[in-house]
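Please read them with the structure open beside you.

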Amino acid sequence: MKRLHGMELFAEVAKAHSFSRAAAALGVPTSTVSRHVAELERSVGLRLLNRNTRRVELTDAGRLYFERCRRIVAEAELAHAELREHLDTPSGPLRVQLPAAHALDALMPAMVAFGRRYPDIRLQLSVAERESAERAPDAADVSIRLGELPDSTLVARRLGAVQAGLYASPAYLTARGAPREPEDLERHDCIGLRQGACPAGPWRLRRGTERRDVPASLRYGANDACMARQLAQMGAGIAALGGGADGLVRVLPTWSLEPVAVHAVTETRLLPAKTRRLIDFLAEYLDAPAAALAAEPPLARAA
């Protein structure tokens, strides 16, 4: 890296025929340019420049070296520019790991809305049953995780929070009746979500400043929100879901489960544009009415 920097300074001096003009073009002190070029000459063992009070000229060795290093410096600048373009242009595949909890229902519309806003990004979605704040995302560019995260070497950004409501099918409500108070859930078949080997616990419901811990009768336990939603659609019971679904009715509509924090987890802060755009978008999505973002029309692809 030090030698490449010296080659860059030497090439600028050779083009400008002056240390001072090269320094001005690069925005560095003349003494810095002179020192690095002298070090470069010592490293190659040849004088590259003839210096006098009026003009700097290339030696025979300097002309040969200038032709070589000019191409090397140009290639390095091109590679840097291409990386900057890759960083700043949101395109290509983006691997996203999503939680297998009720947040999945709330986040899937966000994925669709993001795809409409950035049609050149190809989303590759996967569901992680077991989430660990200490472990890097498995084969993913970014992992969306729930709850408060302990300290780790990974980089986490809090995006907001999601909360679930309670849903059931009309057939189930016709057969069993609709609960009127949270305590009524003890007499209903409920569908809970579990994480890994941990069973789903009591439902903590909230309405404004009210809080109720309900030991719901969890007839079914599922480790995936899609599975819980299908069970509810089949009339198996009342499920806690991050959003409604076809054929389901919201029960206890003034009550919701406690909000759960949502984080984006990455291995580094140096992220390409597509990853940064998704993280920013999800933070915006969780802070704005979902319908407003989900209703955005698809953007036309650039010709």
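1. The buried residues of helix α2 are covered by elements that include α1, α3 (30–44), β1 (49–51) and β2 (56–58), where a contact means heavy atoms within 4.5 Å. Those buried in α2 (residues 19–26) are Phe 19, Ala 22 and Ala 23, and they cover an arc of only 100 degrees around the axis, which puts them on the same side of α2; the arc is that of the directions from the helix axis to the C-beta atoms. On the other side of α2, Ala 24 and Ala 25 are exposed. Here buried stands for under 20% relative accessible area and exposed for over 50%, with partly exposed in between (1.4 Å probe, protein chains only). Helices (H or I, at least four residues) and strands (E, at least two) are DSSP runs, numbered from the N terminus.

2. A word on the basis of these notes: this is a predicted model, in which local features need pLDDT of at least 70 and side-chain atom pairs count only at pLDDT 80 or more, while totals for chains, interfaces and linings use all residues. Residues are numbered from 1 along each chain as its sequence is written, and side-chain values use heavy atoms, with hydrogens and water left out.

3. As for the overall picture, the protein has nine helices and 15 strands, and buried residues make up 43% of its 303 residues. Of the contacts between residues at least 6 apart in sequence, 74% join residues at least 24 apart.

4. Just after α2, Gly 27 takes a positive phi of about 75 degrees.

5. A further positive phi, near 45 degrees, is that of Leu 252, again a residue other than glycine. Leu 252 lies in the loop between β13 (249–251) and β14 (256–257) and is buried, with a relative accessible area of 6%. Val 251, in strand β13, also counts as buried, at 3% relative accessibility; leaving aside neighbours within four places in sequence, Val 251 is in contact with Leu 166, Tyr 167, Ala 168, Leu 173, Pro 179 and Ile 238.

6. Which side chain of opposite charge is nearest to Lys 274? It is Asp 141, at 5.3 Å, and Lys 274 is buried yet has no salt bridge, a salt bridge being a side-chain nitrogen of Lys or Arg within 4 Å of a carboxyl oxygen of Asp or Glu. For charge, Lys and Arg count as positive and Asp and Glu as negative, whereas His and the chain ends are not counted. A polar atom of the side chain of Lys 274, a residue of helix α8 (residues 273–287), lies 2.5 Å from the backbone oxygen of Pro 93. Not counting residues up to four places away in sequence, Lys 274 touches Pro 90, Ser 91, Gly 92, Pro 93, Leu 94, Phe 114 and Ile 121.

7. The whole structure has five aromatic pairs, meaning rings of Phe, Tyr and Trp (its six-membered ring) with centres within 6.5 Å; planes under 30 degrees apart count as stacked, over 60 as edge-to-face and the rest as tilted. Phe 10 and Phe 66 form an edge-to-face pair, 6.4 Å centre to centre with 80 degrees between the planes. Phe 10 lies in helix α1 (residues 2–16) and Phe 66 in helix α4 (residues 60–88), so the pair ties together parts that are 56 residues apart in sequence. Both Phe 10 and Phe 66 are buried.

8. The rings of Phe 281 and Tyr 285 have centres 6.1 Å apart and planes at 35 degrees, so this pair is tilted. Both residues lie in helix α8, four residues apart, about one turn of the helix, and ring pairs link Phe 114, Tyr 118, Phe 281 and Tyr 285 into a cluster.

9. The structure holds 17 salt bridges. One of them joins Glu 258 to Arg 206, with the closest N and O atoms 3.5 Å apart, and this pair links distant parts of the chain: Glu 258 is in the loop between β14 and β15 (260–266), Arg 206 in strand β9 (residues 203–207), 52 residues apart. Salt bridges that share partners also join Glu 183, Arg 207, Glu 210 and Arg 212 into one network.

Conventions
A polar contact is a pair of N or O atoms within 3.5 Å; within protein, one must be able to donate a hydrogen and the other to accept it, and residues adjacent in sequence count only if both atoms are side-chain atoms.
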